[in-house]
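Colleague: Please open the model, and let us go through it step by step.

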Amino acid sequence: MFVATKLLKIGYNQAKKRKANKDAQFQQPHPNYTYPNPYPMSAYPPGVAPGTNTQYIAHEPPAPPASKGAKLVSMFISILRFLQFVFGLAVIGLYGQDVRHDHEDDDTYHAKWVFALIVGFLATSTAGFHMVLPFLMKRVNNSSNPKFHLPQFVWEFVLCIVWLTVFGIFGKMYIGVYPSSSSSSSKRDSDSSTSTSSSTSGLGDASKINRMRHAAWVDLVNLLMWVFTASWVLVRWLKSRRANAVPDVDVEKDNQI
């Protein structure tokens, strides 16, 4: 009995030592041993490193291609912006001649002509900005931000008001007025009233009257073009506002259900 107990103790100690040696070998592998990487770097998507939280990485779907009608409208608006730029420069040239003459003659600047120059400069700068804007938006986004539609409409509405003011001032002064010194316009002078023909002396010489009469019609063309583009911007803003309001209505319906 004593010998059997001794043999059991020896066998138990030997088994315990073997188990401890196996555990030590498993915990401390050979220094030259390398574990295989179950997730190699080639398996990760570009721009994502191991340990990166990819839960919130979302890829925006590509924008749908523009329709043929949208492309034609965009081309028409681009041409109209170019015409606004050209006619704005024309106004600056027409009214700038008188301002330059006043400066050369050391005369006081007339506020009406200076006001027309300022309006022409603002309109030309705005049209030039809209001509460059599509090229800038291609680097940032495919479409303009709808948040800028309302400020854009407000600014173009202001331009419509000032163009209407310029046309009202110079149209009242020069439309229907012809220089009485021109021999070729005797028939037109006879049709007009004598008070009109006698008052042309205060409006300048024959060349100035003709130039200002043409400038008044150029002011009208500028007014019509800016009214059209302002209306177009207003329609875009209303459409974007309606499109943003549709998801909110759907969410409210889902909550009610």
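Modeller: Let me begin with a definition: helices (H or I, at least four residues) and strands (E, at least two) are DSSP runs, numbered from the N terminus. The model is a predicted one, in which local features need pLDDT of at least 70 and side-chain atom pairs count only at pLDDT 80 or more, while totals for chains, interfaces and linings use all residues. Residues are numbered from 1 along each chain as its sequence is written, and side-chain values use heavy atoms, with hydrogens and water left out.

Colleague: How many helices and strands does the protein chain have?

Modeller: The protein chain has 7 helices and 0 strands. Read from the N terminus, its elements run α-α-α-α-α-α-α.

Colleague: And what reach does helix H4 have from its first C-alpha to its last?

Modeller: Helix H4 covers residues 149–174, which is 26 residues, and reaches 37 Å from first to last C-alpha. That is close to the 38 Å expected at 1.5 Å a residue; the expected span is 1.5 Å times one less than the number of residues.

Colleague: Which residue with a positive phi follows H4?

Modeller: Gly176 follows H4, and its phi is positive, near 85°.

Colleague: Let us stay with H4. Is Gln152 buried or exposed?

Modeller: Gln152, which lies in helix H4, has a relative accessible area of 16% and is therefore buried. Buried means under 20% relative accessible area, exposed over 50%, and partly exposed in between (1.4 Å probe, protein chains only). Leaving aside neighbours within four places in sequence, Gln152 is in contact (heavy atoms within 4.5 Å) with Arg81, His130 and Val233.

Colleague: What about Ile169?

Modeller: Ile169 is also placed in helix H4. Its relative accessible area is 25%, so Ile169 is partly exposed. The C-alpha atoms of Ile169 and Lys112 are 7.8 Å apart in space, although the two residues are 57 residues apart in sequence.

Colleague: On to aromatic rings. How many aromatic pairs are there?

Modeller: Rings of Phe, Tyr and Trp (its six-membered ring) pair if their centres lie within 6.5 Å; planes under 30 degrees apart count as stacked, over 60 as edge-to-face and the rest as tilted. By this rule there are 4 aromatic pairs. One of them is formed by Phe76 and Phe228, an edge-to-face pair at 5.6 Å centre to centre with 85° between the planes.

Colleague: Why does this pair tie together parts that are apart in sequence?

Modeller: Phe76 lies in helix H2 and Phe228 in helix H7 (residues 206–256), so the pair connects parts that are 152 residues apart in sequence. Phe76 counts as partly exposed because its relative accessibility is 45%, and Phe228 counts as partly exposed because its value is 42%.

Colleague: What can you say about Trp113 and Phe170?

Modeller: Trp113 and Phe170 form an edge-to-face pair, with 5.2 Å centre to centre and 85° between the planes. Trp113 belongs to helix H3 (residues 111–140) and Phe170 to helix H4, so this pair ties together parts 57 residues apart in sequence. Trp113 is buried because its relative accessible area is 8%; Phe170 is buried because its value is 0%. Together with Tyr95, these residues form one aromatic cluster.

Colleague: Which residues touch the most other members of the largest nonpolar core?

Modeller: A nonpolar core is a set of buried Ala, Val, Leu, Ile, Met, Phe, Trp, Tyr and Cys residues joined through side-chain atoms within 4.5 Å. The largest has 29 residues, of which Tyr95, Trp113, Trp163 and Phe170 touch the most other members. Helices H2, H3, H4 and H7 each supply at least two residues of this core.

Colleague: Where is Met225 found, and what does Met225 touch?

Modeller: Met225 is in helix H7, and it is buried because its relative accessible area is 8%. Beyond residues up to four places away in sequence, Met225 touches Leu80, Leu83, Gln84 and Phe87. Met225 and Leu83 are 142 residues apart in sequence and 8.4 Å apart in space, C-alpha to C-alpha.

Colleague: Finally, which side chain is joined to that of Asp98 by a polar contact?

Modeller: It is the side chain of Arg211, at 2.5 Å. A polar contact is a pair of N or O atoms within 3.5 Å; within protein, one must be able to donate a hydrogen and the other to accept it, and residues adjacent in sequence count only if both atoms are side-chain atoms. Asp98 is in helix H2 (residues 68–104) and counts as buried because its relative accessibility is 6%. Leaving aside neighbours within four places in sequence, Asp98 is in contact with Trp113, Lys208, Arg211 and Met212.
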